[in-house]
Amino acid sequence: MVDSQYYLPNDIGVSALDCGEAFRLLSPQEKMYAHYLSRAAWYGGLAVLLQTSPESANIFVLLQRIFRKQTPSQLAQVATAAGLSSEDYQAFLVYAAGLYANMGNYKSFGDTKFIPNLPKDKLEALVRASQAFQEQSAEMEALWDSCSCLLYSLEDRQKQLGLGDKGITTYFSGNCCLEDAELAQKFLDSKKLSAYNTRLFKRDDGGKACYEVRLASAVQKDCAVDGECESCCGSFSFEDKEFTVKRGDYAPLMEKVCHYLQQAQAYAANENQRKMLEEYRRSFTLGSVEAHKEGSRYWIKDKGPIVESYIGFIESYRDPFGSRGEFEGFVAVVNKAMSERFAKLVSSAEVLLPELPWPREFEKDTFLKPDFTSLDVLTFAGSGIPAGINIPNYDDIRQSEGFKNVSLGNVLAVAYATQKEKLTFLEEDDKDLFIKWKGPSFEVQVGLHELLGHGSGKLFVQDDKGKFNFDQSKVINPETGEPVSSWYRGSETWDSKFSTIASTYEECRAECVGLYLCLNKQVLSIFGHEGQDAEDVVYVNWLSMVRAGLLGLEFYTPESKSWRQAHMQARFVILRVLLEAGEGLVGLEEVTGKDGMPDARITLDRSKIHTVGKNAIHRFLCKLQVFKSTADVDGGRALYDGYSTVSDSGAYNFLRLRETVLLRKEVRKMFVQANTRVSGDSVELVEYEGTVAGLISSFTERFQDDAEQLEADLLELSKRDAPCWSGIRLKHM
């Protein structure tokens, strides 16, 4: 029996993301713009297969070939004839849907591998009986051989993503370890190159380590090309090691992205959108993060567009080192009613920011009012769909030019709907309240988290010319009472400095800001909550956070003592802080469930939230901000790692509680997204049912125009890198 955390259950929740209404309200020009941007996002999103595991692209192609010839319902008869039970066939469909939804065979939330929940010989029988195999048996045989071992393998290193012997990553060649990642970061900093769109490949050249830094670009030449004064490519010696910077990672995919961005340009609503797309194209053509930054500047200036989008190598959660971005692209339509509430929050920001627990000098000199809109997602390509986003992630732009916040309304609507019987670890009395207020309280939390969490706080910087952005003779560190003695220098950024903990630490800071400011009556009334309702929203928001902290244990790996998910680690840290506050604020006990199995019960004393709770978060949040502002990695790490520790000693046996959490976990839902299709001079929306079959069909139809060429390109890209994952057996095709 395989541990259930390594496969997706047959009854996994699947929901269609509804954007029909939002799409219908667009003008013909806006529909065309949304269509071409969506195409760019979907093709770029396929790069995630190559950013996840050595075998992901081959498995994707195998599934596409099978389902292009036979729909899930047609294949069902083949499955029965091949000896699969209906459970076996459902397990196959769930696996295929899971691979599409996560863009690879590792969960986008939690980074663990998942394998098909049916015997390998049954799956092989189905593959061989499929029409695709009958028609092209030699090719399909080779494809099956190339990935069938890794499809099922659960060797320790393959169970989760990670660097070196801790797990699998394709951001680095298989022979890289943490020291290589650190050296490469220093090299990139010395060249003022960002790691966001790179991967690192190491080879041994006669006993000397040689590193290849590969940039994602459509252009494969390394010399300067049109529009570049000089190329950043070439060979360099750095700390006695050889570094080569090359272009052309994911080239055929980047080419498609550029092609569709160019088509979208013709339908842009204004000059900012046109220039933004021009810069994005330059970025994906040449592999230039500088061009992407320039595009992001135009994007910030494009305030309140009807069709909102962002595309590129954005979030660094899944790079084990924390500095390389995973490709994502989204296209969404503004939800006007919900956006009005967020706009009110933005206009109150200047009154709310001084409420935060750090001294004035630790806040940005001026609050750059961002766009904050609620969007209904039409397309979100990448490994998973978040509920809220605050971008761009470029510190220099965020600190001085601004950012945008979005809350994804149609994702929120279905992601957090839950039935009472599936609600774990709460008192019966809390369950009805929780179900009633979870949605509204999460909307408040997302708003505060994105806008005033990620949008707040200053980084103290001394630039290359020696100029400071703060008065170091006057600014006092509130934790020590002494003048501030450390800061960011030159090209150091939050991500490069705090590397492996940067993502989760920052999520924790933003979650704490949400908890702290949701206590403010003005905030609650912006979202339409007054009186007793407002108190219930606060209670459920805090209860939801401590429960999430307990659920977070699912994403901790005891063997490597590591966390696999930034947000869940952050919530566990907050649970620890609130338990430590004592005075009966939070109760956590191990109990026996009605089924006779281990269970747990978490409680929150609502009368103590505004006192004990608020004080605890006040103190902790101030520390988080001070370490962040002053670039104090050692202090920040000691604090954060201390609270992140999961052990079986102390007042709570968290290792045993983790077993209970795993026993009773609910699997995250998968989302089915619509496609758009140009017919004549209009665009139609093609919607699918919220089932695994619907999800599969949406992917088969998404790439039907050039399916064979695209599949050949993916296999070629996968094959080119295969030698780099030595020790991870991906056979050559």
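Which residues in α21 meet which residues in α23? In α21 they are Q569, A570, F572, V573, R576, V577 and E580, and in α23 they are Y640, G642, Y643 and S644. Contact here means heavy atoms within 4.5 Å.

The model is predicted: local features need pLDDT of at least 70, side-chain atom pairs count only at pLDDT 80 or more, and totals for chains, interfaces and linings use all residues. Residues are numbered from 1 along each chain as its sequence is written, and side-chain values use heavy atoms, with hydrogens and water left out.

**View 1. Helix α21 against helix α23 (residues 633–644).** Helices (H or I, at least four residues) and strands (E, at least two) are DSSP runs, numbered from the N terminus. The two axes lie 8 Å apart, at an angle of about 85°. Axes are lines fitted to C-alpha atoms, for helices over the stretch in contact; angles run from 0 to 180 degrees between N-to-C directions. α21 and α23 are therefore roughly perpendicular to each other. Angles under 35 degrees count as roughly parallel, over 145 as roughly antiparallel, 65 to 115 as roughly perpendicular and the rest as oblique. By class, 6 nonpolar, 3 polar and 2 charged residues make the contact of α21 with α23. Ala, Val, Leu, Ile, Met, Phe, Trp, Tyr, Cys and Pro count as nonpolar, Asp, Glu, Lys and Arg as charged, and the others, Gly among them, as polar.

**View 2. Helix α20 (residues 531–551) crossing helix α21 (residues 566–580).** The axes come within 7 Å and cross at roughly 115°. That makes α20 roughly perpendicular to α21. The crossing of α20 and α21 is left-handed: the near helix is turned anticlockwise from the far one by less than a right angle, whereas clockwise would be right-handed. From α20, the contact uses W542, M545, V546, A548, G549, L550 and L551. From α21, M568, R571, F572, I574, L575 and L578 take part. The classes are 11 nonpolar, 1 polar and 1 charged residues.

**View 3. Helix α4 (residues 56–69) with helix α9 (residues 137–152).** Their axes come within 9 Å and cross at roughly 135°. α4 and α9 are therefore oblique to each other. α4 passes α9 in a left-handed crossing. N58, I59, V61, L62, R65 and I66 of α4 touch E139, M140, L143, W144, S146, C147 and L151 of α9. The contact of α4 with α9 has 9 nonpolar, 2 polar and 2 charged residues.

**View 4. An open sheet of 5 strands, in the order β6-β7-β8-β10-β9.** The pairing is mixed. Two strands pair if DSSP finds at least two bridges between them. β6 (307–315) and β9 (388–391) stand at the edges, each with a single partner strand, so one side of each is left without a neighbour in the sheet. Neighbouring strands are turned by 35° against each other on average, direction ignored. β6 pairs with β7 (residues 326–334) in the antiparallel sense over 8 bridges. I311 stands opposite G329 in β7. Helix α2 (residues 28–45) packs on the sheet, touching β6, β7 and β8 (371–381). The direction of α2 makes about 60° with that of β8. Helix α12 (residues 271–286) also packs on the sheet and touches β6 and β7. The direction of α12 makes about 25° with that of β6.

**View 5. An open sheet of 4 strands, in the order β2-β3-β5-β4.** Here too the pairing is mixed. The edge strands are β2 (198–205) and β4 (234–238), each with a single partner strand, so one side of each is left without a neighbour in the sheet. On average, neighbouring strands are turned by 25° against each other, direction ignored. β2 and β3 (residues 208–216) pair in the antiparallel sense over 8 bridges. D205 stands opposite K208 in β3.

View 6. H449 is found in helix α17 (residues 428–453).

**View 7. Backbone details at P392 and M103.** Most residues other than glycine have a negative phi, and most peptide bonds are trans. The peptide bond from I391 to P392 is cis, with omega near 5°. P392 lies in the loop between β9 and α15 (395–400). M103 is not a glycine, yet has a positive phi of about 50°. M103 sits in the loop between α6 (86–102) and α7 (120–129).
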